[in-house]
Amino acid sequence: MSERAQLLLEIADDELILGWRDSEWTGIAPFLEEDVAFSSIAQNEIGHARALYELAARELGTTADELAFDRKPEEYRCSALVELRLPEWERTIARHVLYEQADAERLGRLKASDDAELAGLAAKIDREEVYHRLHAEMWAERLQDEPRYQAALEELQPLVDRRNGGSPELTALWEEMTSVRRSQPAGTTW
Amino acid sequence: MTQREQEFLEYVQSGGQVETDDWMPDEYRARLRKFIEMHGNSELMGVLPEREWILRAPTLQRKLALTAKVQDEVGHAQLIYRVVEDLGKSREECLDDLISGVSKFHNVFHYPTKTWGDVGVIAWLVDAAAIISQKALLKCSYAPYARIMKKICWEESFHILHGRDVILTLMLGTDDQRELVQEALNRWWGPLMQFHGNPIQADEDPMVIWRIKSQGNDEARQQFLDGYVPQIWELGLTVPDPELRKDEESGRWLYTEPDWDELKHVVTGHGPRTADRLDLRRQARENSAWVRQVLLAA
Amino acid sequence: MIYEVFRQERKGQAFQHAGSIEAPDERFAEWYAREQYGRRGESTALWVVRRDAILPIEEFVDELNRNYHRVDGYPLKEKLKEARERAGTAAPRDR
């Protein structure tokens, strides 16, 4: 696999798994307006993942769905940060803040890349991420004096750059995520 | 009825529109608010059966579509509760009453979703039944509610297409996939037939008399059958009611009388999943109470 | 705090009241309004205003029927008929 494909998969996996986790708040977020807002963030993340998988898929001779669903848990290259299930709002926001910071730097590097296709996609994604960053900032300001939020930031910070692949959390998510898909032979249309 | 109430009744019956700060008879206001509140509750509770499947959607496109659909439902709850709030009952009070079982929500959201087939059937048929009621509400005499119904109906239009797409894909797939659809349909048919409510005559239905609803329950049900039984049959699916047929002379659909006792039993809080879904709502609300406090403090 | 949202569906059209949202401040109100009234590309522009900044006006006084500055103050049918008759240009059905 080329370095380019590996990089694409790393970012796509981050966005996919984070989007999957963020979508878990749809319907049960702290209040209705925020529920609608956060669901859009989750959908954007899945959308980014899809676009990135599609780029990689062309190079690897497969499809975005196959890359997203049909690899084994240990083959995913996402950060330990996104793999965790975080049913507490302060931990979800802490992750959101940390992720957006790290992702902004990453996208900045990609936008400056010689690879025109990659740079172009990075620019598109970044234009949506601007809003995610705004959202993260807005919440960070509101929660900054909350001890549980501070604790969450401390807890999650070390996980940003850790990429182990196949953690128990990810494996559990993967099994649920692929349960319907795996109920029929590979190549079945859904 | 007082003179003023009589005049109001004639006003709404001749198509008059009512705004938030207008004078309303107590009965009108009470029925209106209860009706709209139940609608809001239903959107909020309707989210829960579908949420589980967001996590298990088998393709990226289905994942996005299903998340967007559920997001819409949350958005609808927001629109609807705002209308109730302007009628004098706060969102928090509405949620209190929902969680404690004092107020109700539609029957269909008390039932379990067991397979991906349910996801398709709900989006295709349950949403279709709902949209028939919602289109009739576009003519509600209470203008703020009629206005949000426009936005709601517009957003629902993709839900039905998404549902139909899921179903068609399954019906074109493996034997197991086709079986998923038939099996889900068999389970959902009863609740669907009960969805529009018991067969009270339109001219005896207070909701129609006050022009809150513009369509009787039976009329809505007939419209549903007219639109969707052909769609079901053309895919080779069967409906689990041997009596179901259209009487060519009258143009009316005939069917086995739905179990109205079951409907009453379910909407008064005894559905198969009522308790644990209300519990989920209660817990989610408790866990995030501190967030609402922090946000409103500053 | 309640914010009222007005939306413009297409350029050139009037802004119309679309609904209201609850938000703790302007930044949140902007995020939430954009989502509730624009996530589907259904609006080209939104105006978001604090509800308490809106001045409602519902009373309009016209005790003395000021129709001199309205179209309904100018019923010309009779005068026109008379003028045509005088000029001999009355339409057949007027005679």
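Select B:Ile232 and show what touches it: leaving out residues up to four places away in sequence, the contacts are B:Leu237 and B:Val239. Contact here means that two C-beta atoms, placed from the backbone, lie within 7 Å. B:Ile232 sits in helix H9 (residues 217-233) of chain B; helices (H or I, at least four residues) and strands (E, at least two) are DSSP runs, numbered from the N terminus.

Before clicking on, note that this is a predicted model, where local features need pLDDT of at least 70 and side-chain atom pairs count only at pLDDT 80 or more, while totals for chains, interfaces and linings use all residues. Residues are numbered from 1 along each chain as its sequence is written, and chains are lettered from A and ligands numbered from 1 in the order in which they are written.

Still on B:Ile232: buried or exposed? B:Ile232 is buried, because 20 other C-beta atoms lie within 10 Å. The cut-offs are 20 or more such atoms within 10 Å for buried, 12 or fewer for exposed, and partly exposed in between, with C-beta atoms placed from the backbone. Draw a distance to B:Gln182, 50 residues apart along the chain from B:Ile232, and the C-alpha separation is 9.9 Å.

Axes are lines fitted to C-alpha atoms, for helices over the stretch in contact, and angles run from 0 to 180 degrees between N-to-C directions.

Next stop, B:Ile99, in helix H4 (residues 91-100) of chain B. B:Ile99 is partly exposed, with 18 other C-beta atoms within 10 Å. Beyond its neighbours within four places in sequence, B:Ile99 is in contact with B:Leu278, B:Arg281 and B:Arg282.

Over to chain A. Select helix H1 (residues 3-23) and H2(A), whose axes come within 8 Å and cross at roughly 155°. That makes H1(A) roughly antiparallel to H2(A), and the crossing is left-handed.

Keep chain A and bring chain B back: 33 residues from chain A and 32 residues from chain B are in contact. On the chain A side, H2(A) gives the largest share, 10 residues.

Finally, show chain C, where 10 residues are in contact with six residues of chain A. H1(C) supplies the largest share of the chain C side, six residues. Which residues of H1(C) are buried? Among them are C:Phe28, C:Trp31 and C:Tyr37. The partners they pack against include H2 and H6 of chain A and helix H3 (60-86) of chain B.

Technical notes: Parallel < 35°, antiparallel > 145°, perpendicular 65-115°, else oblique. Left-handed = near helix turned anticlockwise from the far one by under 90°.
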